[in-house]
Amino acid sequence: MSSTYIVHKFGGSSVKDAVRLNAITPLITGDHPIVVVSAMDKTTNALQFALDAAKDKQAIDSIIDPIFNAHKTVIDTLLTGDAQTHLLDLLTHDIHNIKNILSTVAVVASYSEQIRDLVLSYGELWSAQILTAYLAQTKKAVFVDALDVIHTYIHQDTLAIDWAQSETQLQSYLTENPDAIMVIPGFTARDENGKRTILGRNGSDYSAAIIAKLVHARELIIWTDVDGVYSADPKRVPSAFVLDELSYEEALELAYFGAGVLHPKAIAPAIEDQIPILIRNSYNVDAKGTMIHQSIKPSNLPIRGISSIENIALINIEGAGMIGVSGFAAKLFGILQAKHISIILITQASSEHSICFAIPAVQSQEALNVLNEQLKFEIKEKIIERISCDEHCSILAVVGEGMIGTRGILAKLTQSLFNAHVNIRAIAQGSSERNISLVVASQEINRAMRAVHGGFYLSNKAISIGVIGSGLVGSSLLKQIEHTRKNLAENDGINLYVRGIANSKQMRLSDGILEPTDLDKFSDYIIAEDIPHAVIIDCTASDQIAARYLDWMKKGAHIITPNKRAGSGDFNYYQELKANAKNLGRHFLYETTVCAGLPVIKTLQDLIQTGDDVYSIEGTVSGTLGYIFHELSLGQPFSSVVKQAKALGYTEPDPRDDLSGMDVARKMVVLARELGFSTTLADVTVENLIPEALRECSVDEFMTRLPEFDHLMQTRVEAATKANEKFVYVGSIEANGTVRVAMKSYPLDHPFARLSGADNMLCFRTKRYDKQPLIIQGPGAGAEVTAAGIFADVLRLVSII
């Protein structure tokens, strides 16, 4: 038997219509390709629905006719001439037979397994026949009914494969058609009585694996609509990623515990002959997929994947009379086996006082009834004290070869769930150490999967980022993060995940499109259970956004912001923010609220924390006003300078927002609170630079009439110039907490008088820096430097969490 065969299996989504059937034909590669196909998408479900409808004496034409029309459309689109006519005749004949069968089902109000198997197998037959005819237009292709090449029998209530007979039959077809592409319907086979049977729902994977084993295939490629096997369900765990490879045992465990890409039975036939199984995406052929084979490369990650089973019931049996009684477990499971109730997970206390097991929830009532009936003697005699059932459970399984012999896996697993506030109902681990399975409440399974995935796959330096405010500062920050993200991950193990961006009108989450801004939805998404940490970055000047910080902290987010509203607003709210940050283990970082990217807040905090006494702080902390006063010193009129600053974008759209002095006042309040004062804006003496007559008018009127008041500023500037001094706009904090914001003139040799452009400068006079003050100077405004300061806060946050 040649080892050059490659078996291709195409799932229902890959053959769902004419477009997809045309798209998969170039994928059928190899010297001797064999193709196994599923039914067209949702066909098998529709046939099952029709069976059940007929049994309930409901109309079935509305179910069967769309099936006929869908297949007829594909035939009409892909085929012409005799091939088209032949397949349409076959389809019409089959649909007629199905309707006759369903009519009989409706009369007797029931159907046998044989009838079910016959009806459900038509979908695969049709897709295989259509694909064969389409391929035959350009290549040599032959349809082979699985009924003729896969032979089965029943052994102890279990469907088994007659490998010898199947191989003989298949070899005959291969000998007769050595150069043809063989197309075989999946899901269906022949039973020992020569009748059509099925291999179980989603059994086409199993069919393909059987064929691969029979021909000793070089490779089995399973084509799906996803890029491979993921580390977890990406619909539940947004940070899940495609696994490059899995061992057979890992794939078997993941498939059994709900990884839907591959049927569990498909793996066993491949193991004996060491046939590699490649999972690929027929919709994205550039994706490499996941290779399942024996010789996997060592991984530094102890687990390969996380999967789950839904709709589980957990039955618990307790009783002191069970202690030391041999054979009780055998009796218990014998009772369930007689009713064909599948036990998925078992765990028992070492005291033997209790035993619990997980079964499909749909079988829970039947299990309770039979247990109460068959164990009524033990219940009456108090050997069993209670039998209880929780029907609302799920199983979470972590799988990986790297778990074998590795200490601390269970500790990390349970700690991840503890951190996510998930209660473990039951836990089991096989002696192979390749799988740990947990039972949790159904409503907690998504949170549990995300927490465990984050705990094992992401470093503790991984952080989910949400940015609110997409203006100049916000967009600059996003560019800086994107520019350095790869290097930070590779060199420092820092993983930055920007998962959401929002402004006042729209937001975009990383898994979606633009949508109206919903800050509750936004914060819930950013505070992700699969990423260890979350930060919301507020790049606005909004009171409404600042008012949400406390709620976001309580949900689990850290806060970083250049927005001065929280730091200089209501003092009680400020105190509550600081207290909750401390109590909740959150961080509230706001370095850029004063002088953009200059290290002002951090410097002040370091002085205080190292025991220095701060006597005073004085500074020019507005780049806008710094520019205006520098230009005034050069002899320009006040109105001209303001107009020029507005044109350059240095001022707000309404320059009065800067000239009022309130921005400087807010910054000084932030610093005063760092010193321990309960300062509010009402406590600050502010010199307003806006002429009183122009404070309430429109912006246009303000700009037009401002020259009328140039003489007021000019008189003061000229007086300072005659005295060899220069006016600057200064904020100051005295030792007693007094805060002032005003114009003030300084000798020309003073550091403030030497400032030019939009530079900021702060002077700290302290016990250590008394004779010569500590001075911080540099750009105090601008999108790039502000964004850099925010980014520095992000990295500071990563270093301390």
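How are α15 and α16 oriented to each other? This is a predicted model, in which local features need pLDDT of at least 70 and side-chain atom pairs count only at pLDDT 80 or more, while totals for chains, interfaces and linings use all residues. Residues are numbered from 1 along each chain as its sequence is written, and side-chain values use heavy atoms, with hydrogens and water left out.

**The helix pair**

Helix α15 (residues 409-419) packs against helix α16 (residues 445-457) at an angle of about 130°, their axes being 8 Å apart; α15 and α16 are therefore oblique to each other, a class for angles that are not under 35 degrees (roughly parallel), over 145 (roughly antiparallel) or 65 to 115 (roughly perpendicular). In the contact (heavy atoms within 4.5 Å), α15 contributes Ile409, Lys412, Leu413, Ser416 and Leu417, and α16 contributes Ala448, Ala451, Val452, Gly455 and Phe456.

**Single residues**

Gly661 lies in the loop between α26 (656-659) and α27 (662-674). Leaving aside neighbours within four places in sequence, Gly661 is in contact with Val686, Tyr729 and Val741, and its C-alpha atom is separated by 6.7 Å from that of Glu687, 26 residues apart along the chain.

Most residues other than glycine have a negative phi. Ala109, in the loop between α4 (81-108) and α5 (113-120), has a positive phi of about 60°, and Asn311, in strand β13 (residues 305-318), has a positive phi of about 55°.

The table gives accessibility, where buried means under 20% relative accessible area, exposed over 50% and partly exposed in between (1.4 Å probe, protein chains only).

| Residue | Relative accessible area | Class |
|---|---|---|
| Gly661 | 0% | buried |
| Ala109 | 34% | partly exposed |
| Asn311 | 59% | exposed |

Terms used: Axes are lines fitted to C-alpha atoms, for helices over the stretch in contact, and angles run from 0 to 180 degrees between N-to-C directions. Helices (H or I, at least four residues) and strands (E, at least two) are DSSP runs, numbered from the N terminus.
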